[in-house]
Amino acid sequence: MKKEKIVVTAGTFDILHPGHYNTLKYAKSLGDKLIVIVARDETVKKIKGRKPIIPEEQRRFMVETLKPVDKAILGSLNNKLEPILNIRPDIIVLGPDQRTFDTEQLKEELKRYGLNVNIVKCKEYVKCPFHSSYDIVKEVIDRWKRGEFEE
């Protein structure tokens with residue numbers, strides 16, 4: 001019997017946009033099962049210096065509803081590697097804009113735990129009018145200032 005190839009990717013997924021979907025679709029194409037680790041609110045605050053707009057459980061739920069995703073889980077508050085050590089994936093996919101991981105350092109760290117994981121970076125960056133939470137929020141504020149949300 002053939003072993004399922006498990007792929008993991010992670011991110012904030014604060015306000016979903018086409019770039020998120022592109023990365024998830026690419027990640028799923030590399031294996032049989034895609035598990036997505038959604039960053040906890042506190043983790044996002046530490047990394048980005050602000051809380052996410054959408055609460056963690058809502059972000060996790062929305063990611064899990066996307067077609068390429070088999071399962072979405074919340075990350076650990078204690079150790080960023082904890083979910084990966086529990087899942088034991090074959091492949092980890094990093095998004096094109098993820099800068100918080102040094103690929104070689106991550107590989108070496110996982111080897112210390114007995115994991116030989118292939119780490120792949122999604123190279124295609126989807127450029128669209130609103131490709132980040134920042135862009136989307138800025139547009140909403142600009143429209144609000146112009147009075148476009150008057151009832």
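**Exercise 1.** Which handedness does the β-α-β unit made by β1, α1 and β2 have?

*Solution.* The model is predicted, so local features need pLDDT of at least 70 and side-chain atom pairs count only at pLDDT 80 or more, while totals for chains, interfaces and linings use all residues. Residues are numbered from 1 along each chain as its sequence is written, and side-chain values use heavy atoms, with hydrogens and water left out.

Step 1. Helices (H or I, at least four residues) and strands (E, at least two) are DSSP runs, numbered from the N terminus.
Step 2. A crossover is right-handed if, with the strands pointing away from the viewer, the path from the first strand over the helix to the second runs clockwise.
Step 3. The unit of β1, α1 and β2 is right-handed.

**Exercise 2.** Find the strand order of the open sheet and name its edges.

*Solution.*
Step 1. Strands pair if DSSP finds at least two bridges between them.
Step 2. β1 and β2 run parallel, joined by 6 bridges; here Gly11 is opposite Val38 in β2.
Step 3. β1 is also joined to β4, in parallel, by 3 bridges, and Thr9 is opposite Val93 in β4.
Step 4. β4 (residues 91-94) pairs with β5 in the parallel sense over 4 bridges, with Lys121 in β5 as the bridge partner of Leu94.
Step 5. The order of the 5 strands is β3-β2-β1-β4-β5. β3 and β5 (118-121) each have a single partner strand, so one side of each is left without a neighbour in the sheet.

**Exercise 3.** Determine which residues of α3 (residues 56-64) are buried, and how they are placed around the axis.

*Solution.*
Step 1. Buried means under 20% relative accessible area, exposed over 50%, and partly exposed in between (1.4 Å probe, protein chains only).
Step 2. Glu56, Arg59, Arg60 and Val63 are buried in α3. They lie on the same side of α3 because their arc, taken from the directions from the helix axis to the C-beta atoms, is only 100°.
Step 3. Arg60 counts as buried because its relative accessibility is 14%.
Step 4. With contact meaning heavy atoms within 4.5 Å, and residues up to four places away in sequence not counted, Arg60 touches Val38, Ala72, Ile73 and Leu74.
Step 5. The cover over the buried residues of α3 includes β2 (33-38), α2 (41-48) and β3 (71-74).
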